[in-house]
Amino acid sequence: MELRHLRYFIAAGEELNFHRAAIRLNVSPPAVSHLIQNLEEELGVELFERLPRGVRLSSAGKTFLIDAQQLLAGLKQAGERIQRIAKGQLGSLCIGFNTVSSAHPVMRKSISIFHTAHPDVQIDLQRMTSVQQFDAIHVGNIDIGCVYADMGSSQDLEFMELQRDDILLALPASHRLARHPKIHLSDLKTESFVGIRKSVNASFNKILLEACLSNGFSPRIVQEIESQSAVINLVSIGIGVAFLNAAQSEACPSAVVLRRIADLDAQYHLGIIWRRATRSPVVANFI
């Protein structure tokens, strides 16, 4: 049985006239009659009762007409789904986020715009560190990573920079430097620092270390923790000072003062990463 058998039968069954069915199908009436006869022979049943003028569906034909209509409708829907998948309008997208990027206005707006344009794409957000995102991208556990990194395109990953965020110094409100009109890196030589573990965000630690070393000292880090929010909490109770992403300034309580460092020429680079070899239309649409 071929699809054209079903199309010819449906036309004849709906028109109840082989001649009108032939006009509808843009074929000759004998062609319709011949294919219907072949279909009946293959099924071993009569689908039509031949009358002096026209035809009518047999009991078996009435049932088969409903089934045939459903089959063709299902095939049409399947074809439409495949086309939408090929265009990236249907499917799923898994995005990795770290603590800071998950709340960043750029990414919130990007996801909102994408969802509005592609409402039938399921978006799965996975919270993980930047380091974990690089690993997850390599093994295919996520499609897009949203990371802070200063990198060009690697051999198998692409990086698109979205925004650069300033680096601020977070101080307890009672700290001596909180009232200074201008702060330099050299003012921090004797300070205790709290920061993010290297295993969580290697780029963050690299910026901190290089900035301090360029001014002749190695930062005295008294505590390393998992998240920027925990860093803010430690600063607020006076454990130490910290470099902070300006994108998190709104998350700071009144017990924390933020100051710019006059001679700190560095920024955090926010961007997305994806596999260079990906062929996903959904990923392409998001990019």
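Which salt bridge do the side chains of Glu15 and Arg24 form, and at what N to O distance? In this predicted model, the two side chains meet at 3.3 Å, N to O.

## A network around Glu15

Glu15 has another partner as well: its side chain meets that of Arg20 in a salt bridge at 3.6 Å, N to O. Together with Glu14, the residues Glu15, Arg20 and Arg24 are linked in a network of salt bridges.

How accessible are these side chains? Glu15 has 25% relative accessibility, so it counts as partly exposed. Arg20 is also partly exposed, at 41%, and Arg24 is partly exposed at 43%.

## A pair between helix and strand

Arg50 forms a salt bridge with Glu40, with the closest N and O atoms 2.9 Å apart. Arg50 lies in strand β1 and Glu40 in helix α3, so the pair ties together parts that are ten residues apart in sequence. Arg50 counts as partly exposed at 43% relative accessibility, whereas Glu40, at 9%, counts as buried.

Across the whole structure, the search finds eleven salt bridges.

## Where α2 meets α3

Now for the helices. The axes of α2 (residues 18-25) and α3 (residues 29-43) come within 8 Å and cross at roughly 105°; the two helices are therefore roughly perpendicular to each other.

On the α2 side, the contact involves Phe18, His19, Ala21, Ala22 and Leu25, which meet Pro29, Val32, Ser33 and Ile36 of α3. By class, this contact has seven nonpolar residues, two polar ones and no charged ones.

Technical notes:
Residues are numbered from 1 along each chain as its sequence is written. This is a predicted model: local features need pLDDT of at least 70, side-chain atom pairs count only at pLDDT 80 or more; totals for chains, interfaces and linings use all residues. Side-chain values use heavy atoms; hydrogens and water are left out. Axes are lines fitted to C-alpha atoms, for helices over the stretch in contact, and angles run from 0 to 180 degrees between N-to-C directions. Helices (H or I, at least four residues) and strands (E, at least two) are DSSP runs, numbered from the N terminus. Angles under 35 degrees count as roughly parallel, over 145 as roughly antiparallel, 65 to 115 as roughly perpendicular and the rest as oblique. Contact means heavy atoms within 4.5 Å. Ala, Val, Leu, Ile, Met, Phe, Trp, Tyr, Cys and Pro count as nonpolar, Asp, Glu, Lys and Arg as charged, and the others, Gly among them, as polar. A salt bridge is a side-chain nitrogen of Lys or Arg within 4 Å of a carboxyl oxygen of Asp or Glu. Buried means under 20% relative accessible area, exposed over 50%, partly exposed in between (1.4 Å probe, protein chains only).
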